[in-house]
Structure formats: structure tokens, C-alpha cells
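Student: I have not seen this structure before. Could we go through it one question at a time?

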Amino acid sequence: MATQREKEAADYLQKHKIMELLDNLTSMLFFNRPDNPREFLVEQLQELKLSKQNGEKGPNLFDNANVDAVFGILDPANQKYITFAQYKQALTTLGIKDINECPEGVNEDRISQETFRTEAIQGLQRCSATYL
């Protein structure tokens, strides 16, 4: 059973999205492998702060080309659509937690590349905006 102090610490981490922030920073650090990791992390935190102040998207590992590559893997026959199950699994794999359960094309079980890209980029932006 957790002590009161442990519960308060866990609540604090959750409230301020500290684990998500550290996950994002660590991922960017491993992906970019800068010569000066401390300077890089300071720059990323400054970028995050600016994005919060300006209402812009925060630093993110994925761009449209990366998301399109994921879609291409899911659509090897180049049908220009994927199933809802593929859509949901791919977004979950990308780390997106709050997935739109009713994206355009869900009723036909045909999620277009454009819809996938939009949902993925928006979801990734929400994940990287740890200040929300």
C-alpha cells in the first residue's frame, strides 16, 4: 500500500505530465543524438515553452513523411485506405492515447491516408504538448 507521500508524488507527476515530458525528451535525445545533449535538452524545453506561449505545436519526432511511411507499411497493396483496426493499432503504436473513435471513413471501414495523417499528427501534437 502506498504511503500518503508516495500518493502525493504520483499525483504530482500525473498532474504535470512529468513522465510524458521525460519520455518525449528522451526519445528526441536518442533520435537526434546531439553532440551536446544538455544544450539540446535546454533547446527542446525552450521550444516547448515557446510553443505553449504562442499556441503552436511543440517539438515532435514525427512529421508528415514519417506518418505517410507508417501508412505505406499498412497499405502495401496501395489501395489508398486502411481498416479501422489498422488505424487504431497504428495510432496506439505511435503512443497516441486519445484516439478519435469515429474518424472519416469509419462506417465504411476505409480510413484514407489523409484522414490517417491528420489524426496521427494531431494525436502526436497532443502527446508532445505536455504543458496542456
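Student: Which helices each supply at least two residues of the nonpolar patch?

Tutor: Keep in mind that this is a predicted model. The patch is made by Tyr 12, Leu 13, Met 19 and Leu 22, with an area of about 380 Å². The helices that each supply at least two of its residues are helix 1 (4-15) and helix 2 (18-32).

Student: Is Met 19 buried, partly exposed or exposed?

Tutor: Met 19 has its place in helix 2 and is one of the residues that make the nonpolar patch. Buried means under 20% relative accessible area and exposed means over 50%, with partly exposed in between. Because the relative accessibility of Met 19 is 44%, this residue counts as partly exposed.

Student: What is the nearest side chain of opposite charge to Glu 119, and how far away is it?

Tutor: Glu 119 lies in helix 6 (residues 113-128). Glu 119 is buried and has no salt bridge. A salt bridge needs a side-chain nitrogen of Lys or Arg within 4 Å of a carboxyl oxygen of Asp or Glu. The nearest side chain of opposite charge to Glu 119 is Arg 126, at 5.4 Å.

Student: Which residues does Glu 119 touch, not counting those up to four places away in sequence?

Tutor: Glu 119 is part of helix 6 and is buried. With residues up to four places away in sequence left out, Glu 119 touches Tyr 87, Leu 91, Ile 96, Asn 100 and Pro 103.

Student: Why is the pair of Phe 71 and Phe 116 called tilted?

Tutor: Two aromatic pairs are found in a search of the whole structure. In the pair of Phe 71 and Phe 116, the ring centres are 5.8 Å apart. Planes under 30 degrees apart count as stacked and over 60 as edge-to-face, with the rest as tilted. The planes of Phe 71 and Phe 116 are at 50 degrees, so the pair is tilted.

Student: How many residues apart are Phe 71 and Phe 116?

Tutor: Phe 71 is in helix 4 (residues 64-74) and Phe 116 is in helix 6, so that the pair links distant parts of the chain. Phe 71 is buried, at 1% relative accessible area, and Phe 116 is buried at 0%.

Methods: Residues numbered from 1 in each chain as written. Predicted model: local features only at pLDDT ≥ 70, side-chain atom pairs only at ≥ 80, totals over all residues. Heavy atoms only, no water. Patch = residues over 30% accessible without salt bridge, like charges linked within 9 Å, V, L, I, M, F, W, Y side chains within 5 Å. Areas by Shrake-Rupley, 256 points an atom, 1.4 Å probe, with all protein chains shown as cover. Helix = DSSP H or I, 4+ residues; strand = E, 2+ residues; numbered from the N terminus. Buried < 20%, exposed > 50% of the residue type's maximum accessible area, 1.4 Å probe, protein only. Lys, Arg positive; Asp, Glu negative; His and termini not counted. Contact = heavy atoms within 4.5 Å. Phe/Tyr/Trp six-rings, centres within 6.5 Å; stacked < 30°, edge-to-face > 60°.
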